[in-house]
Structure formats: C-alpha cells, structure tokens
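Subject: Structure for you to look at

Hello,

Here is the structure I said I would pass on. Please open it first, then read the notes below it.

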Amino acid sequence: MRRILKISAWCVAALLAVLLLLAATVWILAVNADLKRPDICVDTTDYTLDLSLDTLRVCRGNTLYRNPYGIWEADIKGDAVERGAVMGAMSRDLLHFQEEVFVRQIKELVPSDTYLGVLHKLMLFFNRKMACHIPEEYRAEIAALSEFCSHDFDAFGTPYERQLNYHAAHDIGHAMQEYMLVGCSSFAVWNEKSADSTLLIGRNFDFYMGDDFAANKLVSFVTPTSGYRYVSVGWPGMIGVVSGMNEKGLTLTINAAKGAIPTHAAMPISLLARHILQYAATIEEAYRIADTCRTFVSESLLIGQAEGRCAAIIEKTPEKQALYSVREAPLICTNHYQSEAFSEDPANKENIARSDSRYRYQRLEELISQQAPLTPQKAASILRNDKGLEEKSIGLTNEKSIHQYIAHHSIIFMPEQRLVWVSTFPWQSGRYLCYDLNRIFGNPDMVLFSHADNGRDIAEDSCFLENVYAKVLRYRERAAAVRKAVAQSVQLTSAYVDSLTIENPDFYEAYLLQGDYHFMQGNRLQAETAWKTALTKEIPRENQREEIEKKLRKYGKR
C-alpha cells in the first residue's frame, strides 16, 4: 500500500511538472508572439477633422455620415495607411463603443480579472502565427487605424494587437457554431428564377454578439490605390469583408461551416474575403486567391459574378478547398458543404444530420419555388420569413427560421446593375436602403449626405413592426430572466414564468426554460410536463433534443 501511495505521489508530481512546463511554454510563446506590426509612422495631428458633427465627419476629403436610418456611410480613399488613419480619425468614438461592447461581453462570460489575464495570454498564444498569413497592406491599414483607438482596454493588448485579434475573434465565433453565434442563410437566382433574368442574390448575416454590437452598422465605399473599388457592410474597426460587392459586379458573402476546432489562427476569413473583393473580377480569380491563403476555420463563400451571369460557392477548410456550382438556379448556401469533395467529410455529414442547416436550406428551396421569379422585394420577403417548412409556426427566434431576429444585417445584390440593398433596424424588418454603385463610384466629388437612392428602397415590414416586434423583445427579456433565475436559484412569479409560453407558444425553448424553472423549484411533475411539451416542438439541433431527453430520463417520474 505504501509503495502504491509513493507511486501515486510520484505520478501527481510528474503530472504537475509537465503541466507547469506546458503552461510556462504557452506563456513564453504568448509573451513573445510577433503580430508583425508594420513599420509605419502616423502623425495623428495630420488627421484632424475638417468637419465634426453628430452625423457627419470629414477628414482629408473622406467622409463618415450617419443617415436618417441610423446607418453610418463611409467614403474612404487612398493607400492602406491613409485609409486606416482617416477612418480612425473619423470614428474614434465608434471604435471605443465597439470595443466597450466587446469587452463588456467578455467580462460577462469571464468576470474574474485573473482569468481575464490568463485568457489574454491564451489568445496571444492562439493568434501567435496569425500575422504571418495577413498581407502587409491589411496589417498597415489596421495599424494606422489603431493609432486612434483608446488605451482604456490595454489590459487586452496594445491597440494594434487588439484590432488584429478582433478579426480573429469573428472567426472564433464562426468556429463556435454549436453555440449559435452564427447561422447565415443565402441564395442566388438568375434566368427563369429572376424576374428580369439577371443575377439576384440575398443573404442574412446572422452573426450575433448582442444588440449593442449591431448598433453602429457601417456601409463602407472604398477606393483603394490598388485593386477594385468596393462596398462592404460591417462595423467600426472591421476592415475585413463579410458582405460586399466590387465595381466589377463581383459579390461575396461568407457562411460558416462545421469543422474541427482550430489549434492556432491563420488568415481571418473576413480578410480573405476582403482580398478577393479588392483584387478579383471573376469567380475563377476569386478561387485562385482563396487557394493561396490558409485560413483556420471552415467557411463557404458565395460568389456572384456579373459578367457571364453566374454564381458559385467556394467551400474551404484549413486543409482543402472545392468549388460548388449548379447549372440552374437557385444556388443556396446555409451552413453545410454541398460539393462532391466534402460529401464524405465526417464533420460535414454530422453538421447536415444534427444541425439546423439542412432545414433552412430546404425552407429556402420552398420559398424560392413559391415566389419565383424573384424581384428584390420578393427576396426581402424571403429573408424576412420566420415560419418553418410548409408555413408551420415554429416559434419566434427559432434557429430553423430564415429570420431568427439576430441578423447583424441583411443584404440583397443585383450585380449586373451594380445595385445593393442594405437592411435597417430592426434586423431585416426595417427599410432596405438601395445603393447604386454606378452612381456612387462614378461621382468622384465629396458627398456630404447619404448615398442611398430612396426611390428604389424596399419598404419596412410594417405588419411585423406593429404586431410581432414587441413580442420578440418581451420574450427575449423574460427568457434571459428565467435563465438567470434558474442559474442563481432565484424565485419568480408563476405568471412571469408562464408568460414565456403565452408569448411564444410554438417555441421549444419556452417550455424547456419553464421546465428548468419548475425543476429548480422542486416541482418535478410540472417540469416533466413542460419538457415533454418541448419535445413536441421543432427543435433546431439534435444535441438540444438529446439534452431534454436526458433530463426526462434522469429526473422524470419513475
């Protein structure tokens, strides 16, 4: 027995030594991580604003304007340093707000300052190789922009380190698709499926980091000194592209896919998308650029091409890449791969079988078939649809819906006409503003007002705004309160808990939370009834269904 104890003590000591060595190695690599800040010098006094109003800023012939619908429109010209510096000068307050929101969310997840310090080092370790995969042009633009960032958040790194890492944070959100940070839906139609036969593309960018994160949507019209002019929709500090179109009529949207958990960062997908939009005029050129870049998450890039009226999906993982296209419209992209190259991929097969991706794909097929030939207005109605297959009511905020009430933005392209429609608050239910790139890029003079072409706008969804919007907000607020009450064993009134299923009677989560609350209160019979009702509803993911079944097996009536 004494010998066994000695051996066990030796094993524990050896394990601790290995863990300490590993921790020390990670710490040293993190501290010495080289994010390759370009050797540039930005004199911030050279970028004082020529005009600074609540809704309009002007700097060296560049403008930042907040239109009446709350969307910021940026006109940016010049080389990498000039672009970054003027945008930083014009958006100091917006950059601070965006960082504040991001850090606030991190602190909600990790309230301990000690753990935050460890998290910072782990992120530096994870991202230590990232800069090697990012072209110097984009590192220079980020570096110039970071000169105008606040030092309030230096606990998370220098302004340059933070801004570079925020682009990787977006990819990590994609990698964490299991936690429903992202679940985008997009489609392309042409010929008989399009009302005027030209290419029409629609997409919802369902990347959710809280409502405040989407408070300052940014539409950027960029004229770089090299490459093509382009428009993209994002947020302050984001120089990458998640949705955009260039002057050649090449469009690009990104959709997360299922892949292995990454072990280190490479090129953030939004910077790859930016590289394509800035330097490619065709799908073939886009594919070649993507093939030369190593990324660290799995992603689908839906590319539309005005010339030749076609669209295709670049399906990319850290290990390989494939091109998927169809002869006849529609081309649909949710969050799984469709090409032969990935037909036997285990992660992709699991994603199709266990996530909501295939369901949303089928729903898009159904809606396009019902409404074709599509116009921009019909495309908007598809992107706003919150029903399930065969118009089944599956509950507000269900991840199987096309409209989940989480979209950062929704966008519609007509590439051949160089037209773009961008949604306004809330989500995709507000007015879609139309932007004509022919007119915008054809007018080199400084414009001190909105670029939107109001005569082509798509009207807001007034029925939703009048009848449903308040319900969505109430349900979200009450669901969060019940979730918190369960976690902290806090008592609520029965009426408050029951309001979940009254407000949202067709959503499985309302009954799941109701059951969790009753169980916490010791009311097992009521909990079992609520959980069983949840199982009769449309549940987005198989792991969510399995968790409810597990609760019933473990705690149900014996």
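A residue counts as buried when its relative accessible area is under 20%, and as exposed when that area is over 50%; values in between are called partly exposed. Keep in mind that this is a predicted model.

The cysteines come first. C149 has a relative accessibility of 7%, so C149 is buried. C59 is buried as well, because its relative accessibility is 0%. A disulfide is a covalent bond between the sulfur atoms of two cysteines. The structure has zero disulfides.

The largest nonpolar core has 55 residues. The members that touch the most others in this core are L164, L252, I254, L272, I276, L301 and I303. Helix α7, which covers residues 269-279, supplies the largest share of the core, with six residues.

What does L252 touch, leaving aside residues up to four places away in sequence? Its contacts are V242, S243, G244, A273, I276, L277, L301, L302 and I303.

There is also a second, separate core, made of 48 residues. Among them are L200, V231, I411 and V420.

Last, the surface. M446, L448 and F449 make a nonpolar surface patch of about 300 Å². L448 lies in the loop between α12 (437-442) and α13 (462-467). Is L448 buried, partly exposed or exposed? The relative accessible area of L448 is 41%, so this residue counts as partly exposed.

Regards

Definitions and conventions
Residues are numbered from 1 along each chain as its sequence is written. This is a predicted model: local features need pLDDT of at least 70, side-chain atom pairs count only at pLDDT 80 or more; totals for chains, interfaces and linings use all residues. Side-chain values use heavy atoms; hydrogens and water are left out. A disulfide is a pair of cysteine sulfur atoms within 2.5 Å. Buried means under 20% relative accessible area, exposed over 50%, partly exposed in between (1.4 Å probe, protein chains only). A nonpolar core is a set of buried Ala, Val, Leu, Ile, Met, Phe, Trp, Tyr and Cys residues joined through side-chain atoms within 4.5 Å. Helices (H or I, at least four residues) and strands (E, at least two) are DSSP runs, numbered from the N terminus. Contact means heavy atoms within 4.5 Å. Patches are made of residues with over 30% relative accessible area and no salt bridge: like charges are joined within 9 Å, nonpolar side chains (Val, Leu, Ile, Met, Phe, Trp, Tyr) within 5 Å. Accessible areas come from the Shrake-Rupley method with a 1.4 Å probe; for residues, only the protein chains shown count as cover. A salt bridge is a side-chain nitrogen of Lys or Arg within 4 Å of a carboxyl oxygen of Asp or Glu.
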